[in-house]
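Q: I'm new to this one. Can you walk me through it?

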Amino acid sequence: QKLGEVNKILESDVVEMSEKLNQIVTNVADGIVIVFTADNVIQFVNPSAVKLLGRPQEALIGSVFGYLNRRGENPAEIDVLKLTGEHRCVELEVAPINWDGKDARLLSLHDISERKQTEDKLYTLSRIVEQNPASIIITDTDGKISYVNDAFTKITGYLPEDALGAKSNIVRSGKHPQEVYEDLWKTILAGSVWKGEMQNRRKDGSLYWSDMTITPILASDGVVENFTGISTDVTERRQTQEQLQQAQKMEAVGNLTGGIAHDFNNILGIALGNLQLLQRRT
(Lines give C-alpha, C1' and ligand atoms only; values in the text may rest on other atoms or scores of the structure.)
Protein backbone atom coordinates (compact mmCIF):
# COMPACT_ATOMS: atom_id res chain seq x y z
CA GLN A 1 0.00 0.00 0.00
CA LYS A 2 2.80 2.40 0.91
CA LEU A 3 4.59 1.50 -2.33
CA GLY A 4 1.44 2.32 -4.27
CA GLU A 5 1.18 5.67 -2.48
CA VAL A 6 4.81 6.41 -3.33
CA ASN A 7 4.20 5.55 -6.97
CA LYS A 8 1.16 7.83 -7.05
CA ILE A 9 3.23 10.64 -5.58
CA LEU A 10 6.00 10.00 -8.11
CA GLU A 11 3.52 9.86 -10.96
CA SER A 12 1.96 13.10 -9.74
CA ASP A 13 5.40 14.73 -9.60
CA VAL A 14 6.24 13.47 -13.06
CA VAL A 15 2.96 14.81 -14.45
CA GLU A 16 3.50 18.13 -12.72
CA MET A 17 7.09 18.34 -13.99
CA SER A 18 5.95 17.37 -17.47
CA GLU A 19 3.35 20.14 -17.45
CA LYS A 20 5.94 22.67 -16.31
CA LEU A 21 8.39 21.59 -19.00
CA ASN A 22 5.61 21.76 -21.58
CA GLN A 23 4.78 25.32 -20.49
CA ILE A 24 8.44 26.28 -20.75
CA VAL A 25 8.84 24.75 -24.20
CA THR A 26 5.58 26.31 -25.37
CA ASN A 27 6.30 29.81 -24.10
CA VAL A 28 10.05 30.06 -24.61
CA ALA A 29 11.03 32.78 -27.08
CA ASP A 30 13.51 30.57 -28.96
CA GLY A 31 12.29 28.08 -31.51
CA ILE A 32 12.69 24.40 -30.62
CA VAL A 33 12.74 21.71 -33.28
CA ILE A 34 13.41 17.99 -32.85
CA VAL A 35 14.53 15.92 -35.83
CA PHE A 36 15.70 12.33 -36.23
CA THR A 37 19.44 12.12 -36.79
CA ALA A 38 19.14 9.61 -39.62
CA ASP A 39 16.96 11.66 -41.98
CA ASN A 40 16.46 15.11 -40.36
CA VAL A 41 12.68 14.60 -40.45
CA ILE A 42 10.94 16.98 -38.04
CA GLN A 43 9.18 15.30 -35.10
CA PHE A 44 8.34 18.32 -32.96
CA VAL A 45 8.15 22.11 -33.20
CA ASN A 46 7.15 24.61 -30.55
CA PRO A 47 5.04 27.75 -31.30
CA SER A 48 8.12 29.96 -31.51
CA ALA A 49 9.65 27.69 -34.16
CA VAL A 50 6.37 27.75 -36.13
CA LYS A 51 6.41 31.56 -36.05
CA LEU A 52 10.11 31.80 -36.87
CA LEU A 53 10.03 29.30 -39.75
CA GLY A 54 6.86 30.89 -41.12
CA ARG A 55 5.04 27.65 -41.85
CA PRO A 56 2.09 25.89 -40.17
CA GLN A 57 2.84 23.19 -37.62
CA GLU A 58 1.11 20.51 -39.70
CA ALA A 59 3.29 21.42 -42.67
CA LEU A 60 6.48 21.21 -40.63
CA ILE A 61 5.87 17.91 -38.82
CA GLY A 62 7.09 15.09 -41.05
CA SER A 63 9.04 17.37 -43.38
CA VAL A 64 12.82 17.50 -43.67
CA PHE A 65 14.66 20.27 -41.84
CA GLY A 66 16.92 21.52 -44.62
CA TYR A 67 18.83 24.20 -42.72
CA LEU A 68 21.34 21.98 -40.93
CA ASN A 69 24.91 23.14 -41.51
CA ARG A 70 26.79 20.48 -43.39
CA ARG A 71 30.11 21.87 -42.23
CA GLY A 72 29.28 20.95 -38.66
CA GLU A 73 29.48 24.45 -37.20
CA ASN A 74 27.71 24.69 -33.86
CA PRO A 75 26.23 27.19 -33.36
CA ALA A 76 25.71 28.26 -36.96
CA GLU A 77 23.93 31.14 -38.68
CA ILE A 78 21.24 30.23 -41.20
CA ASP A 79 19.04 32.29 -43.49
CA VAL A 80 15.38 31.34 -43.06
CA LEU A 81 12.99 32.19 -45.89
CA LYS A 82 9.35 32.41 -44.83
CA LEU A 83 6.39 31.76 -47.10
CA THR A 84 5.78 35.52 -47.07
CA GLY A 85 9.17 36.04 -48.71
CA GLU A 86 10.68 37.55 -45.57
CA HIS A 87 14.25 36.58 -44.71
CA ARG A 88 15.31 36.10 -41.09
CA CYS A 89 18.83 35.51 -39.81
CA VAL A 90 18.71 32.69 -37.25
CA GLU A 91 21.35 31.25 -34.96
CA LEU A 92 21.04 27.46 -34.92
CA GLU A 93 22.44 25.36 -32.09
CA VAL A 94 22.32 21.54 -32.19
CA ALA A 95 22.37 19.06 -29.28
CA PRO A 96 22.03 15.26 -29.48
CA ILE A 97 19.08 13.69 -27.64
CA ASN A 98 17.04 10.48 -27.61
CA TRP A 99 13.51 10.74 -29.00
CA ASP A 100 11.16 7.78 -28.88
CA GLY A 101 14.15 5.47 -28.52
CA LYS A 102 15.92 6.88 -31.60
CA ASP A 103 18.92 9.16 -32.03
CA ALA A 104 17.66 12.66 -32.56
CA ARG A 105 18.76 16.27 -32.52
CA LEU A 106 17.41 19.12 -30.47
CA LEU A 107 17.59 22.28 -32.56
CA SER A 108 17.49 25.62 -30.80
CA LEU A 109 16.61 28.54 -33.08
CA HIS A 110 17.33 32.12 -32.00
CA ASP A 111 16.31 35.04 -34.23
CA ILE A 112 19.29 37.40 -34.51
CA SER A 113 18.03 39.48 -37.45
CA GLU A 114 17.93 42.77 -35.54
CA ARG A 115 21.34 42.12 -34.02
CA LYS A 116 22.82 41.36 -37.44
CA GLN A 117 21.30 44.53 -38.89
CA THR A 118 22.84 46.54 -36.06
CA GLU A 119 26.19 44.81 -36.54
CA ASP A 120 26.07 45.50 -40.28
CA LYS A 121 25.32 49.18 -39.66
CA LEU A 122 28.14 49.43 -37.12
CA TYR A 123 30.51 47.68 -39.53
CA THR A 124 29.57 50.09 -42.32
CA LEU A 125 30.04 53.08 -40.03
CA SER A 126 33.39 51.77 -38.80
CA ARG A 127 34.61 51.33 -42.38
CA ILE A 128 33.46 54.86 -43.24
CA VAL A 129 35.39 56.23 -40.26
CA GLU A 130 38.49 54.12 -40.83
CA GLN A 131 38.72 54.85 -44.55
CA ASN A 132 37.72 58.51 -44.34
CA PRO A 133 40.39 60.79 -45.87
CA ALA A 134 39.83 63.26 -43.02
CA SER A 135 41.62 62.73 -39.72
CA ILE A 136 39.19 61.50 -37.04
CA ILE A 137 40.05 61.40 -33.37
CA ILE A 138 37.97 60.62 -30.26
CA THR A 139 38.95 61.78 -26.79
CA ASP A 140 37.46 61.97 -23.32
CA THR A 141 36.71 65.29 -21.64
CA ASP A 142 40.33 65.53 -20.45
CA GLY A 143 41.64 65.21 -23.99
CA LYS A 144 42.85 61.61 -23.56
CA ILE A 145 42.78 59.88 -26.95
CA SER A 146 40.73 56.68 -27.26
CA TYR A 147 40.58 56.36 -31.07
CA VAL A 148 42.36 57.58 -34.19
CA ASN A 149 41.79 56.53 -37.80
CA ASP A 150 44.36 55.87 -40.53
CA ALA A 151 44.16 59.41 -41.88
CA PHE A 152 45.29 60.77 -38.49
CA THR A 153 48.46 58.70 -38.78
CA LYS A 154 49.06 59.81 -42.37
CA ILE A 155 48.66 63.48 -41.50
CA THR A 156 50.42 63.63 -38.13
CA GLY A 157 52.87 60.75 -38.31
CA TYR A 158 51.67 59.38 -34.97
CA LEU A 159 50.87 55.65 -35.02
CA PRO A 160 47.85 54.41 -33.03
CA GLU A 161 50.17 53.01 -30.35
CA ASP A 162 51.73 56.48 -30.04
CA ALA A 163 48.42 58.30 -29.79
CA LEU A 164 46.09 56.03 -27.80
CA GLY A 165 46.18 57.02 -24.16
CA ALA A 166 48.09 60.23 -24.91
CA LYS A 167 46.61 63.74 -24.75
CA SER A 168 45.32 65.44 -27.87
CA ASN A 169 47.82 68.26 -27.35
CA ILE A 170 50.58 66.04 -28.79
CA VAL A 171 49.90 67.87 -32.07
CA ARG A 172 49.76 71.36 -30.53
CA SER A 173 52.27 73.67 -32.16
CA GLY A 174 52.08 76.52 -29.68
CA LYS A 175 52.01 78.95 -32.59
CA HIS A 176 48.71 80.45 -31.46
CA PRO A 177 48.08 82.65 -28.41
CA GLN A 178 47.04 80.76 -25.27
CA GLU A 179 43.65 82.48 -25.46
CA VAL A 180 42.87 80.56 -28.69
CA TYR A 181 43.32 77.18 -27.00
CA GLU A 182 41.38 78.33 -23.93
CA ASP A 183 38.48 79.49 -26.09
CA LEU A 184 38.45 76.13 -27.89
CA TRP A 185 38.16 74.16 -24.64
CA LYS A 186 35.63 76.56 -23.18
CA THR A 187 33.42 76.11 -26.25
CA ILE A 188 33.44 72.32 -26.42
CA LEU A 189 33.14 71.78 -22.65
CA ALA A 190 29.98 73.90 -22.80
CA GLY A 191 28.56 71.43 -25.33
CA SER A 192 29.02 73.58 -28.43
CA VAL A 193 30.83 72.78 -31.67
CA TRP A 194 34.18 74.50 -32.35
CA LYS A 195 35.31 75.17 -35.91
CA GLY A 196 38.44 76.84 -37.15
CA GLU A 197 41.88 76.55 -38.71
CA MET A 198 44.89 75.89 -36.53
CA GLN A 199 48.56 75.31 -37.12
CA ASN A 200 49.62 71.97 -35.61
CA ARG A 201 52.85 70.01 -35.33
CA ARG A 202 53.59 66.55 -36.74
CA LYS A 203 55.58 63.87 -34.94
CA ASP A 204 58.70 64.84 -36.92
CA GLY A 205 58.33 68.45 -35.79
CA SER A 206 57.12 69.89 -39.09
CA LEU A 207 54.16 72.24 -39.03
CA TYR A 208 50.91 71.95 -40.94
CA TRP A 209 47.61 73.81 -41.11
CA SER A 210 44.49 71.91 -40.10
CA ASP A 211 40.85 72.80 -40.76
CA MET A 212 39.21 71.41 -37.61
CA THR A 213 35.71 70.68 -36.33
CA ILE A 214 35.44 69.43 -32.74
CA THR A 215 32.04 68.09 -31.70
CA PRO A 216 30.98 67.19 -28.13
CA ILE A 217 29.35 63.76 -27.74
CA LEU A 218 26.59 63.89 -25.13
CA ALA A 219 25.44 61.08 -22.85
CA SER A 220 21.76 60.27 -22.44
CA ASP A 221 21.55 62.76 -19.55
CA GLY A 222 22.97 65.56 -21.72
CA VAL A 223 26.40 65.61 -20.06
CA VAL A 224 29.43 65.91 -22.34
CA GLU A 225 31.07 62.47 -22.45
CA ASN A 226 33.52 62.57 -25.35
CA PHE A 227 34.81 64.76 -28.13
CA THR A 228 35.14 63.90 -31.81
CA GLY A 229 37.64 65.87 -33.82
CA ILE A 230 37.52 65.85 -37.63
CA SER A 231 40.24 67.70 -39.48
CA THR A 232 41.82 67.99 -42.90
CA ASP A 233 45.31 69.11 -43.88
CA VAL A 234 44.92 72.47 -45.62
CA THR A 235 48.62 73.41 -45.70
CA GLU A 236 48.78 73.54 -49.50
CA ARG A 237 45.62 75.62 -49.67
CA ARG A 238 47.02 78.07 -47.12
CA GLN A 239 50.29 78.31 -49.08
CA THR A 240 48.37 78.92 -52.30
CA GLN A 241 46.31 81.62 -50.59
CA GLU A 242 49.45 83.27 -49.21
CA GLN A 243 51.09 83.18 -52.64
CA LEU A 244 47.95 84.67 -54.19
CA GLN A 245 47.86 87.42 -51.56
CA GLN A 246 51.55 88.15 -52.16
CA ALA A 247 50.94 88.32 -55.91
CA GLN A 248 48.00 90.67 -55.35
CA LYS A 249 50.22 92.90 -53.17
CA MET A 250 52.91 92.97 -55.83
CA GLU A 251 50.32 93.75 -58.48
CA ALA A 252 48.98 96.60 -56.35
CA VAL A 253 52.51 97.94 -55.82
CA GLY A 254 53.15 97.63 -59.56
CA ASN A 255 49.98 99.53 -60.38
CA LEU A 256 50.90 102.22 -57.86
CA THR A 257 54.44 102.66 -59.12
CA GLY A 258 53.21 102.55 -62.71
CA GLY A 259 50.74 105.32 -61.98
CA ILE A 260 53.37 107.43 -60.24
CA ALA A 261 55.79 106.91 -63.13
CA HIS A 262 53.10 107.91 -65.63
CA ASP A 263 52.30 111.09 -63.71
CA PHE A 264 56.01 111.86 -63.32
CA ASN A 265 56.55 111.32 -67.03
CA ASN A 266 53.80 113.85 -67.74
CA ILE A 267 55.56 116.39 -65.53
CA LEU A 268 58.92 115.61 -67.17
CA GLY A 269 57.32 116.00 -70.59
CA ILE A 270 56.17 119.54 -69.74
CA ALA A 271 59.57 120.39 -68.24
CA LEU A 272 61.44 119.05 -71.27
CA GLY A 273 59.15 120.98 -73.64
CA ASN A 274 59.82 124.21 -71.79
CA LEU A 275 63.55 123.52 -71.75
CA GLN A 276 63.52 122.98 -75.50
CA LEU A 277 61.77 126.35 -75.98
CA LEU A 278 64.33 128.05 -73.79
CA GLN A 279 67.12 126.36 -75.69
CA ARG A 280 65.80 127.72 -79.00
CA ARG A 281 65.59 131.27 -77.61
CA THR A 282 69.18 131.13 -76.40
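Q: Is lysine 82 buried or exposed?
A: This is a predicted model. In it, lysine 82 is buried, because its relative accessible area is 17% and buried means under 20%.

Q: Where is lysine 82 found?
A: In the loop between strand 3 (76-81) and strand 4 (87-99).

Q: What is lysine 82 in contact with, leaving aside its neighbours within four places in sequence?
A: Lys51, Leu52, Leu53, Gly54, Arg55 and Arg88.

Q: What lies 3.2 Å from a polar atom of its side chain?
A: The backbone oxygen of lysine 51.

Q: Leucine 53 was on that contact list. What does leucine 53 itself contact?
A: Beyond four places in sequence, leucine 53 is in contact with Val33, Leu60, Phe65, Tyr67, Val80, Leu81, Lys82 and Leu109.

Q: On to the largest nonpolar core. Which residues touch the most other members?
A: Val33, Ile42, Leu53, Phe65, Leu92, Leu107 and Leu109. The core has 16 residues.

Q: Which elements give two or more residues to this core?
A: Strand 1 (31-36), strand 2 (42-45), helix 2 (47-53), strand 3, strand 4 and strand 5 (102-111).

Q: Which of them gives the most?
A: Helix 2, with 3 residues.

Q: New topic: the surface. Which residues form a nonpolar patch there?
A: Phe264, Ile267, Leu268, Leu272, Leu275 and Leu278. Together they have about 600 Å² of accessible area.

Q: Where is leucine 272 placed?
A: In helix 8, residues 235-281.

Definitions and conventions. Residues are numbered from 1 along each chain as its sequence is written. This is a predicted model: local features need pLDDT of at least 70, side-chain atom pairs count only at pLDDT 80 or more; totals for chains, interfaces and linings use all residues. Side-chain values use heavy atoms; hydrogens and water are left out. Patches are made of residues with over 30% relative accessible area and no salt bridge: like charges are joined within 9 Å, nonpolar side chains (Val, Leu, Ile, Met, Phe, Trp, Tyr) within 5 Å. Accessible areas come from the Shrake-Rupley method with a 1.4 Å probe; for residues, only the protein chains shown count as cover. A salt bridge is a side-chain nitrogen of Lys or Arg within 4 Å of a carboxyl oxygen of Asp or Glu. Helices (H or I, at least four residues) and strands (E, at least two) are DSSP runs, numbered from the N terminus. Buried means under 20% relative accessible area, exposed over 50%, partly exposed in between (1.4 Å probe, protein chains only). A polar contact is a pair of N or O atoms within 3.5 Å; within protein, one must be able to donate a hydrogen and the other to accept it, and residues adjacent in sequence count only if both atoms are side-chain atoms. Contact means heavy atoms within 4.5 Å. A nonpolar core is a set of buried Ala, Val, Leu, Ile, Met, Phe, Trp, Tyr and Cys residues joined through side-chain atoms within 4.5 Å.
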